[in-house]
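Keep the viewer open and follow along.

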Amino acid sequence: MNNQPDRLIIASRESRLAMWQAEHVRAALQQLYPRCAVSILGMTTRGDQILDRTLSKVGGKGLFIKELESALIDRRADLAVHSMKDVPVDMGPEFALAATLEREDPRDAFVSRSYADLASLPRDAVVGTSSLRRESQIRRRYPHLLVRALRGNLDTRLRKLDAGEYDAIVLAAAGLKRLGMAGRIRAILAPSELLPAVGQGALAIETLAARSDLHGWLAPLNHAETEVCVRAERMVSRVLGGSCSVPLAAYAEVEGNQLRLRALVASPDGCHMAESESSGALDAAETLADSLARRLLDGGARGILDALEL
């Protein structure tokens with residue numbers, strides 16, 4: 001291939017999981033371009049620094065990417081690697097998602113020292129999660145459990161569980177598997193029990209929109225099936241105004257030549273929930289998602305969202 005890159009810098013958060021993700025991308029790039037020097041610029045974001053409040057109260061998941069985007073603008077880095085679920089659906093026009101990598105397990109994982117799954121937890125058992133999406137669904141299905149906020153990186157969350165601060169915690173299965181910690185998983189939660197977050201399990205590579213050279217170099221890393229699923233999920237979130245303050249879930253999967261899409265919006269206490277699903281052609285994924293999101297709005301989601309804004 002002509003005009004191959006000779007040097008690329010990846011911006012990444014410095015958590016162990018984020019660095020694993022950046023190393024994963026670096027290895028893929030070096031396999032594609034053996035003569036390219038690929039390095040990682042580790043950074044601490046505001047989302048990493050603020051651990052005493054939930055994301056919905058301190059500015060949302062965009063807090064995990066702003067510093068990395070600044071590095072792109074300043075040309076200190078060429079690309080940034082994110083967990084897709086941390087990437088706001090409305091990005092600035094100066095940025096672009098240049099590639100969506102093949103998805104790991106998109107489901108949530110139940111982790112506990114003493115219990116096998118959510119259904120096994122006794123009344124008033126304490127479940128830790130950082131996500132309103134998880135909280136609302138757990139409260140709806142298991143109203144006898146106590147859900148408590150849990151912030152920090154993966155190792156910090158596991159340490160708090162092991163210290164006895166929680167009876168169980170719920171985490172993304174993908175992070176545990178990527179770090180070789182699948183043995184900590186007591187149960188994988190099916191989407192029918194806990195619908196995943198938009199983009200969960202997928203990695204995103206962000207660049208400046210103007211860097212057309214990078215877009216060509218990164219294109220081989222894009223996984224078409226994952227990309228179409230994530231685009232559909234992100235469209236649902238965009239129509240519904242999804243953020244960390246909205247308990248929203250959307251999950252798409254390819255079944256044959258069809259896309260199956262499920263989504264829900266809930267009140268944080270789980271008392272009110274609007275949910276729907278639809279299937280359609282892969283090449284009409286975003287149209288399908290737009291239609292499903294508007295059906296959710298008409299089916300009760302609008303009232304839930306209006307109440308959240310009060």
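Is Asp 155 buried, partly exposed or exposed? Asp 155 is partly exposed, with a relative accessible area of 24%. On this scale, buried means under 20% relative accessible area, exposed means over 50%, and partly exposed lies in between, using a 1.4 Å probe and protein chains only.

Before going further, a word on the ground rules. This is a predicted model, in which local features need pLDDT of at least 70 and side-chain atom pairs count only at pLDDT 80 or more, while totals for chains, interfaces and linings use all residues. Residues are numbered from 1 along each chain as its sequence is written, and side-chain values use heavy atoms, with hydrogens and water left out.

**Around helix 6**

Helices (H or I, at least four residues) and strands (E, at least two) are DSSP runs, numbered from the N terminus. Helix 6 covers residues 154–162, and its buried residues are Leu 154, Thr 156, Arg 157, Leu 158 and Leu 161. Those buried residues pack against strand 5 (108–112), strand 8 (168–172) and helix 7 (173–178); contact here means heavy atoms within 4.5 Å.

After helix 6 comes Gly 164, whose phi is positive, near 90°.

**Charged pairs**

Side chains of opposite charge can pair when their charged atoms come close. A salt bridge is counted when a side-chain nitrogen of Lys or Arg is within 4 Å of a carboxyl oxygen of Asp or Glu. Across the whole structure, the search finds 23 salt bridges. Here are some of them, with N to O distances.

| Arg 13 | Asp 86 | 3.5 Å |

Arg 13 and Asp 86 meet in a salt bridge. This pair links distant parts of the chain, 73 residues apart: Arg 13 sits in strand 1 (residues 7–13), and Asp 86 in the loop between strand 3 (79–83) and strand 4 (95–100). Arg 13 and Asp 86 are both buried.

Arg 16 belongs to helix 1 (residues 16–32) and Asp 155 to helix 6, so their pairing ties together parts that are 139 residues apart in sequence. Arg 16 counts as partly exposed, at 43% relative accessibility.

Arg 294 is partly exposed at 44% relative accessibility, and Asp 290 is partly exposed with a relative accessible area of 23%. Elsewhere, Glu 253, Glu 255, Arg 260, Arg 262 and Glu 277 are linked in a network of salt bridges.

**Helix 9 against helix 10**

Arg 294 and Asp 290 also take part in the contact between helix 9 and helix 10. The axes of helix 9 (residues 224–240) and helix 10 (residues 285–309) come within 8 Å and cross at roughly 35°. Axes are lines fitted to C-alpha atoms, for helices over the stretch in contact, and angles run from 0 to 180 degrees between N-to-C directions. From helix 9, the residues involved include Val 228, Arg 231 and Met 235, and those they meet in helix 10 include Ala 289, Leu 292 and Leu 296. By class, this contact has 13 nonpolar, no polar and four charged residues. Nonpolar covers Ala, Val, Leu, Ile, Met, Phe, Trp, Tyr, Cys and Pro; charged covers Asp, Glu, Lys and Arg; the others, Gly among them, are polar.

Gln 137 lies in helix 5 (residues 132–141) and is buried, with a relative accessible area of 6%. Leaving aside neighbours within four places in sequence, Gln 137 is in contact with Glu 193, Leu 194, Leu 195, Ala 249, Leu 264 and Met 273.

Most residues other than glycine have a negative phi. Arg 75, though not a glycine, has a positive phi of about 65°. Arg 75 is in the loop between helix 4 (66–73) and strand 3, and is exposed, with a relative accessible area of 52%. Asp 124 has a positive phi near 70° and sits in the loop between strand 5 and strand 6 (126–129).
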